[in-house]
Amino acid sequence: AGAIATFTGRVRAKDGDDDPRTTALEFETYEGVADDRMDAIRADLTDREGVEEVLLHHRTGVVPDGEDIVFVVVLAGHREEAFRAVEDGINRLKDEVPIFKKETTVEDEFWVHDREEVDRA
């Protein structure tokens with residue numbers, strides 16, 4: 001392999017200047033379902049031309065601000081394949097894997113999917 005590309009997602013203290021400071025995120029998954037979906041994504045990405053190995057990991061439980069949450073690592077023949085697979089890997093993980101996020105700020109605590117439903121209404 002000629003390239004190793006990685007993505008590491010971290011807990012941000014703030015999304016925007018007007019947002020209250022985030023102190024922690026808590027992640028929960030459906031037992032087994034999340035692992036099965038990550039395995040399927042990993043297999044799809046590994047089957048791509050030029051991709052040799054893919055690793056995906058998402059933490060669960062409480063993760064304080066500034067700590068790492070999610071990792072995508074791709075070993076590939078060339079940087080182009082590695083970069084594409086890393087980007088697709090994190091996007092698919094966020095879109096397809098049932099991981100639920102609770103945000104704790106200095107002002108509030110809420111499940112992010114509940115707040116997104118209210119914002120869409």
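This is a predicted model: local features need pLDDT of at least 70, side-chain atom pairs count only at pLDDT 80 or more; totals for chains, interfaces and linings use all residues.
Residues are numbered from 1 along each chain as its sequence is written, and side-chain values use heavy atoms, with hydrogens and water left out.

**Overall layout**

I looked up the secondary structure next and found 3 helices and 7 strands in the protein chain. These are DSSP runs numbered from the N terminus, helices being H or I of at least four residues and strands E of at least two. Along the sequence I read β-β-α-β-β-β-α-β-β-α. The C-alpha atoms fill a box of roughly 50 × 30 × 25 Å along the principal axes. Of the 121 residues, 31% are buried (under 20% relative accessible area; exposed is over 50%, partly exposed in between, with a 1.4 Å probe and protein chains only).

**Strand β2 and its partners**

I then followed β2. It pairs with β6 in the antiparallel sense over 7 bridges, where two strands pair if DSSP finds at least two bridges between them. Threonine 22 has threonine 105 in β6 as its bridge partner. β2 also runs antiparallel to strand β4 (residues 61–64), joined by 4 bridges, and here phenylalanine 27 stands opposite glycine 61.

**The aromatic pair**

How many aromatic pairs are there? I count 1, the rule being that rings of Phe, Tyr and Trp (its six-membered ring) have centres within 6.5 Å, with planes under 30 degrees apart called stacked, over 60 edge-to-face and the rest tilted. Tyrosine 30 and phenylalanine 100 have ring centres 5.3 Å apart and planes at 80 degrees, so I logged the pair as edge-to-face. Tyrosine 30 sits in the loop between β2 (22–29) and α1 (33–46) and phenylalanine 100 in strand β6 (residues 99–105), so the pair ties together parts 70 residues apart in sequence. Phenylalanine 100 is partly exposed, at 25% relative accessible area.

**Aspartate 68**

My last stop was aspartate 68, in strand β5 (residues 68–76). Aspartate 68 is partly exposed at 28% relative accessibility. Leaving out residues up to four places away in sequence, aspartate 68 touches Thr8, Gly9, Arg10, Arg59 and Val63 (contact means heavy atoms within 4.5 Å).
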